[in-house]
Amino acid sequence: MDQIERARDLARLVLADSIPRRWVHSQGVGRKAESVAHLLGEQSSALVAAAWLHDVGYAPDLVVTGMHQLDGARYLRDVAKVDDLICRLVAHHSCAFIEGRNRGLSDELASEFPPVDELLSDAITYADMTTSPDGEPVEIEWRLAEILSRYGDGHLVAESIREASPLITGSVRRISALLADA
């Protein structure tokens with residue numbers, strides 16, 4: 001079984017029954033990552049695998065810190081024994097370092113999972129932040145507004161996304177430009 005197939009099966013196992021909407025979103029993110037994977041060369045399969053797995057930390061049985069990126073990456077590293085690069089992509093997707101800082105978890109995040117290079121980071125952020133909760137392609141502005149609305153003013157996730165919005169938008173624009181040039 002290859003890396004992507006294993007990731008898809010693991011994401012299905014962890015998400016499909018416990019939080020089906022996250023599973024639908026993850027399917028869309030996986031498809032979106034497949035559409036940009038050619039930009040990553042030999043790291044393309046790690047990107048696609050991480051896209052399928054990026055939200056496993058929301059699964060109720062995996063929540064420890066409440067930061068889904070860190071909880072998911074720890075599960076993938078410690079239990080599922082997933083490749084280090086995939087764990088790092090999951091840990092840092094969509095500017096997770098900001099939420100980590102806001103939760104007082106930035107030292108743990110950075111020491112356990114060193115950040116990935118900018119192109120990989122941009123690619124997973126693009127895949128996540130241009131996919132709706134229902135797995136459909138959306139514009140970045142719609143997705144950011146949806147997250148802010150879903151969590152509401154004052155929620156730590158909403159405040160983290162608000163702070164990260166310029167960085168997230170930059171990631172999406174960089175990948176979109178590379179796709180236009182390809």
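Where is the place of His93? His93 lies in the loop between α5 (84–92) and α6 (96–102). The model is a predicted one, in which local features need pLDDT of at least 70 and side-chain atom pairs count only at pLDDT 80 or more, while totals for chains, interfaces and linings use all residues. Residues are numbered from 1 along each chain as its sequence is written, and side-chain values use heavy atoms, with hydrogens and water left out.

The protein contains 10 helices and zero strands; here helices (H or I, at least four residues) and strands (E, at least two) are DSSP runs, numbered from the N terminus. The pattern along the sequence is accordingly written α-α-α-α-α-α-α-α-α-α. With a radius of gyration of 15 Å, close to the 16 Å that the globule rule gives for 182 residues, the protein is as compact as a globular protein of that length. This radius is taken over C-alpha atoms, and the globule rule is 2.2 Å times the number of residues to the power 0.38. The C-alpha trace spans about 40 × 35 × 30 Å along its principal axes.

Turning to the interior, buried residues account for 53% of the 182 residues (buried means under 20% relative accessible area, exposed over 50%, partly exposed in between, with a 1.4 Å probe and protein chains only). Of the contacts with a separation of 6 or more, 68% come from residues 24 or more positions apart, where contact means heavy atoms within 4.5 Å.

At 1% relative accessibility, His93 counts as buried. Not counting residues up to four places away in sequence, His93 touches His54, Asp55, His68, Gln69, Ile124, Thr125 and Asp128.

The structure holds one aromatic pair, formed by Trp23 and Trp52, which is tilted, with 5.8 Å centre to centre and 40° between the planes. For this label, rings of Phe, Tyr and Trp (its six-membered ring) pair if their centres lie within 6.5 Å; planes under 30 degrees apart count as stacked, over 60 as edge-to-face and the rest as tilted. The pair links distant parts of the chain, since Trp23 sits in helix α2 (residues 20–36) and Trp52 in helix α3 (residues 44–53), 29 residues apart. Trp23 is buried, with a relative accessible area of 10%, and Trp52 is buried too, at 6% relative accessibility.
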